[in-house]
Amino acid sequence: MTLPLKPAHAARYAALARLLVRHGRSDVVTGAGFDEFLVDEERPAGSADLAHDLAADLEAMGPTYIKLGQLLSTRVDLLPPAYTEALTRLQDRVDPFPFEDVRQIVEDELGVTIRNAFSAFDEEPIAAASLGQVHRATLRSGREVVVKVQRPGIRETVRDDMEALGRLADFADRHTDVGRRYGFGLLLGQFRRSLAGELDYQREAANLVRLKELTAEHPHLVVPEPVADYTTSRVLTMSFVPGRKVTDVGPLGLLEVDGEPLVRDLFAAYLHMILVDGFLHADPHPGNVLLTPGGRLALIDLGMVATVPPRVQDSIVKLLLAISDADGEEAAAVLASMGSPLDGYDADRFREDVAALVTRAVSLGGDVQAGAVLLELSRLSGVHGLRPPAEMAMVGKALLNLDQVTTHLFPGFSPAKAIRDSVAGIMGSGMRVSPSGIMAAAIDAKDFTANFPRRANRVMERLAEGTFSVRVDAIDEARFLHVLQRLANRLTTGIVLAALVVGAALMMQVPTDSEILGYPSIAMVFFLLAALGGAALVVSIVVTDRRIARRETRDRDPRP
């Protein structure tokens with residue numbers, strides 16, 4: 001079976017085909033019909049590809065695939081450590097686009113000329129990436145800002161790339177074992193939502209406002225404030241925050257910085273945001289954390305933001321508590337409740353490996369890195385056939401990036417101790433109920449109280465009359481009986497055919513004047529009937545089983 005391919009996307013299919021073949025999925029290429037875009041030199045030579053080759057190929061394929069690689073770097077349950085490490089280092093190596101394009105986009109989006117909107121606007125960008133670039137500017141009020149402008153045509157490029165990837169993911173999920181095991185469609189859906197968020201600058205502005213609210217109680221943290229009147233879906237204007245990347249501050253510069261309160265504020269704020277508010281800045285790597293001249297930490301680039309559901313929040317808190325208590329059994333149980341078991345899931349081996357990992361991590365004492373432990377637990381889950389929620393690996397990645405920042409600013413910082421000190425407050429915050437939650441609970445209690453007497457009377461009446469019954473839908477009884485009937489029919493037919501063969505064999509010894517090919521006619525007739533009946537039974541079995549298989553496939557996957 002092959003995919004219907006759009007001629008307009010031939011170049012994209014060719015690039016995808018080359019990528020898949022170079023990295024060991026030639027079966028998907030052939031099955032999907034992409035092999036027509038290959039030449040013989042591009043087919044695999046049988047040697048193992050290194051992780052950095054994949055990263056280089058994704059970089060060369062453009063912004064969509066760079067972002068896809070960055071997302072895959074968080075999925076340690078899917079890829080080996082060497083690959084996730086290589087994909088983490090993916091960078092946008094692109095040239096800035098001309099200022100005339102910048103001017104056109106800004107003026108079209110804001111509905112006013114740059115000269116009238118800004119008193120100054122630098123033509124040279126201070127940063128350029130695959131999705132956009134950033135320019136310094138000054139508003140007419142004298143306020144210094146930076147303006148992030150989306151690259152022209154990027155939305156159309158991403159849309160076409162996503163369509164090609166979607167067709168391939170759909171085919172892989174339907175027709176390959178690896179697709180059914182890992183669910184590429186779900187992974188691509190997560191990527192689509194993430195990339196759509198990065199392309200919508202109004203959403204990033206809302207994320208900046210939200211992060212500013214969540215860090216309001218932490219005096220050592222600062223977040224740029226968006227300028228609403230100068231922001232659209234393709235142009236983002238925000239306050240200019242001077243500073244240097246944390247990792248650019250050398251040992252001598254750090255002597256003038258009191259790193260301990262900075263990292264305590266940063267770590268406590270992120271733990272509370274993730275595990276209480278469910279707000280995850282998914283990309284807090286050192287390049288997105290600046291040290292300002294005033295000795296504060298500025299958090300920038302809020303394009304990649306995820307939501308951590310309450311059930312995942314609670315599970316991660318339990319997991320962190322189990323790790324701090326060196327309780328590997330409890331950690332394994334929490335992970336099992338969070339994940340989705342796949343074929344081949346070995347609960348006993350999984351429990352043993354998790355217990356060993358937790359013991360090894362706790363033995364490090366204050367040096368244990370929560371992010372690294374969460375990522376390793378996600379990797380173990382994937383190895384043993386347990387698919388963890390995607391948010392868990394993203395939380396682990398965010399905490400690991402934070403560990404890099406805190407270690408650089410204050411090497412003596414202990415993430416394990418900070419987590420233990422924060423858990424009580426996190427659990428207390430998680431137990432608070434909002435006014436709307438109290439109102440919903442009151443309505444539920446009212447309904448329960450109003451309906452309980454009537455329902456209780458109905459149950460008691462049926463018990464007294466002896467008509468009370470309990471229905472348990474353990475199996476599909478109608479289908480079960482249908483299968484039994486089909487089995488009985490086949491077995492009966494087989495027995496009758498076997499009796500015909502045995503009878504015919506016995507009749508071979510009966511003398512008779514009527515013969516066919518030198519054998520008694522009656523025996524040959526019985527043999528012929530048995531052969532025809534056997535052939536009809538085999539055909540019936542094959543046709544019926546195929547029809548049932550197709551029906552079950554349609555029921556499992558209703559997509560056309």
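Some housekeeping. This is a predicted model, in which local features need pLDDT of at least 70, side-chain atom pairs count only at pLDDT 80 or more, and totals for chains, interfaces and linings use all residues. Residues are numbered from 1 along each chain as its sequence is written, and side-chain values use heavy atoms, with hydrogens and water left out.

Aromatics, then. Searching the whole structure gives 5 aromatic pairs. Rings of Phe, Tyr and Trp (its six-membered ring) pair if their centres lie within 6.5 Å; planes under 30 degrees apart are stacked, over 60 edge-to-face, and the rest tilted. Phe118 and Phe121 are edge-to-face, because their ring centres are 5.2 Å apart and their planes stand at 75°. Both of these residues are buried, where buried means under 20% relative accessible area, exposed over 50%, and partly exposed in between, with a 1.4 Å probe and protein chains only. Phe118 and Phe121 also belong to one aromatic cluster with Phe99 and Tyr230.

Another edge-to-face pair is Phe267 with Phe413, at 5.3 Å centre to centre and 65° between the planes. What does this pair tie together? Phe267 lies in helix 13 (residues 259–277) and Phe413 in the loop between helix 18 (390–409) and helix 19 (415–431), so the pair links parts that are 146 residues apart in sequence. Helices here are DSSP runs of H or I with at least four residues, strands are runs of E with at least two, and both are numbered from the N terminus. Phe267 is buried at 2% relative accessible area, and Phe413 is buried at 10%.

Back to helix 13. After helix 13 comes Gly278, with a positive phi near 70°.

Now the loops. Asp301 has a positive phi of about 60° although it is not a glycine. Asp301 is in the loop between strand 10 (297–299) and strand 11 (305–307), and counts as partly exposed at 33% relative accessibility. Phe468 is in the loop between helix 20 (435–465) and helix 21 (477–507). Phe468 is partly exposed too, with a relative accessible area of 42%.

That is what I have; questions are welcome.
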